[in-house]
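Student: I have a structure to read, and I would like to understand the words that are used for it. Could we take them one at a time, setting each value against its definition?

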Amino acid sequence: MADSELYRFSWYAMGTQWELSLDCDGPETHLRSVAEEIVAEVERLEQLLSIYRASSDLSELNAAAAWEPVRLDPRLFELLERARELSQATAGAFDPTIGPLLRCWGFVGGAGSMPTVREISNARSLVGMEHVSIDRAASTVQFDREGIQLEFGAIGKGYAIDRAIEILRDEYDVEIALLHGGTSTVYGLGAPREAEAWNVGIQRPGAPDGEIVVTLPLRDRAVSVSAPHGKWFEQDGRRYGHVLDPRTAYPVAGSVLAVVATSSATDSDALSTALLVLGEAGIPTVKALVPDAFVLVGSHEEGGSLRTVTDPSIPNSGPR
């Protein structure tokens, strides 16, 4: 492989297309084996976290935890604890118990549909981390009522990316790589040769011409993007997106784009969702949690133009 080339490997996992770009010495057979180990790690974590697999650790937890304490795999327990911390810190704007609401609105395995007010109320009564009891000493979890469903769609890909980067860096001594899971979360390890960082452009949601809102330099950092346009349905002339506000039980309205960049893909994944829910008013909340984060919130103005508010803390970052 020539010095200027990157070895690229793509695969499908967690409901989206992943891509790993590697720049390191060694024959292609070695690079492929490195990539295949990353694929295997993501597959292991999907088996741990997927609500679409009845045999996954998370599905088994959701099925049993209302009846008895369930002992968790250490990785799932670690992620749940971090999810609880982020939920508390964002006052529930990010909430891993959102599963009943996603099902109520038809966004689990479907494009969505309008529920009744009663259905929304019933689902809302099952949302909130106060329903989840975590016993750190025993590594067990129990729910306080039937119907609670943990769902890690807003944090799981970020967590998988962090674990994959650890393997690249610690087990294979890879210093230069770019990894993304469906482009919603991207991690830049090191920097490309003869460059200071990986420059990642964030597109305007739904823009047919690929308009770039901001370009961020990533060096040992992740960026996550949340937007409601990925899955939606329309009823009575109004569009309802798949990102739900756990506090109101309704789809997010107002913000159309939220971007968070920081050193942890797990955190950026969850916090971009929270920021989309909170809107511009949530910027101080995210900055209090992660002072060195770059954050951006976009909303539509009259006429369809995009209004963005940023709080940059990454050197040389900003609109380009």
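Tutor: Strand E15 and strand E16 (residues 294-300) are joined by six bridges and run antiparallel. This is a predicted model, in which local features need pLDDT of at least 70 and side-chain atom pairs count only at pLDDT 80 or more, while totals for chains, interfaces and linings use all residues. Residues are numbered from 1 along each chain as its sequence is written, and side-chain values use heavy atoms, with hydrogens and water left out.

Student: Which strand is joined to E15 by five bridges?

Tutor: That strand is E10 (residues 221-226), and E10 and E15 run antiparallel. Val223 stands opposite Ala261 in E15, and Ser226 has Ala258 in E15 as its bridge partner.

Student: What is the order of strands in the open sheet of eight?

Tutor: The order is E1-E2-E6-E7-E10-E15-E16-E17, with antiparallel pairing. Strand E1 (7-13) and strand E17 (306-311) stand at the edges, because each has a single partner strand and one side of each is left without a neighbour in the sheet. From one strand to the next, the twist averages 10°.

Student: Which helix lies across E15, and at what angle does that helix run?

Tutor: Helix H7 lies across strand E7 (185-189), E10, E15 and E16, running at about 155° to E15. Such angles run from 0 to 180 degrees between N-to-C directions, and axes are lines fitted to C-alpha atoms, for helices over the stretch in contact. Another helix, H1 (residues 28-49), lies across E1 and strand E2 (16-22), running at about 25° to E1.

Student: Why are H3 and H7 called oblique to each other?

Tutor: Angles under 35 degrees count as roughly parallel, over 145 as roughly antiparallel, 65 to 115 as roughly perpendicular, and the rest as oblique. The axes of H3 (residues 74-89) and H7 (residues 265-278) come within 11 Å and cross at roughly 45°, and the two helices are therefore oblique.

Student: Which residues of H3 and H7 meet?

Tutor: Leu79, Arg82 and Leu86 in H3 meet Thr266, Asp267, Ala270 and Leu271 in H7, where contact means heavy atoms within 4.5 Å. These residues divide into four nonpolar, one polar and two charged; Ala, Val, Leu, Ile, Met, Phe, Trp, Tyr, Cys and Pro count as nonpolar, Asp, Glu, Lys and Arg as charged, and the others, Gly among them, as polar.

Student: What makes E3 and E4 edge strands?

Tutor: An open sheet of three strands has the order E3-E5-E4, with antiparallel pairing. Strand E3 (70-71) and strand E4 (132-135) are its edge strands, as each pairs on one side only. Four bridges join E4 to strand E5 (residues 140-143), and Val132 stands opposite Phe143 in E5. H3 packs on this sheet, touching E4 and E5, and its direction makes about 125° with that of E4.

Student: How do you know whether Ser56 and Glu146 are buried or exposed?

Tutor: Ser56, in the loop between H1 and helix H2 (57-64), has 0% relative accessibility and therefore counts as buried. Glu146, in the loop between E5 and H6, has 58% and so counts as exposed. Leaving out residues up to four places away in sequence, Ser56 touches Gln47, Leu48 and Ser50, while Glu146 touches Ala66, Trp67 and Leu126.

Methods:
Pairing = 2+ DSSP bridges. Buried < 20%, exposed > 50% of the residue type's maximum accessible area, 1.4 Å probe, protein only.
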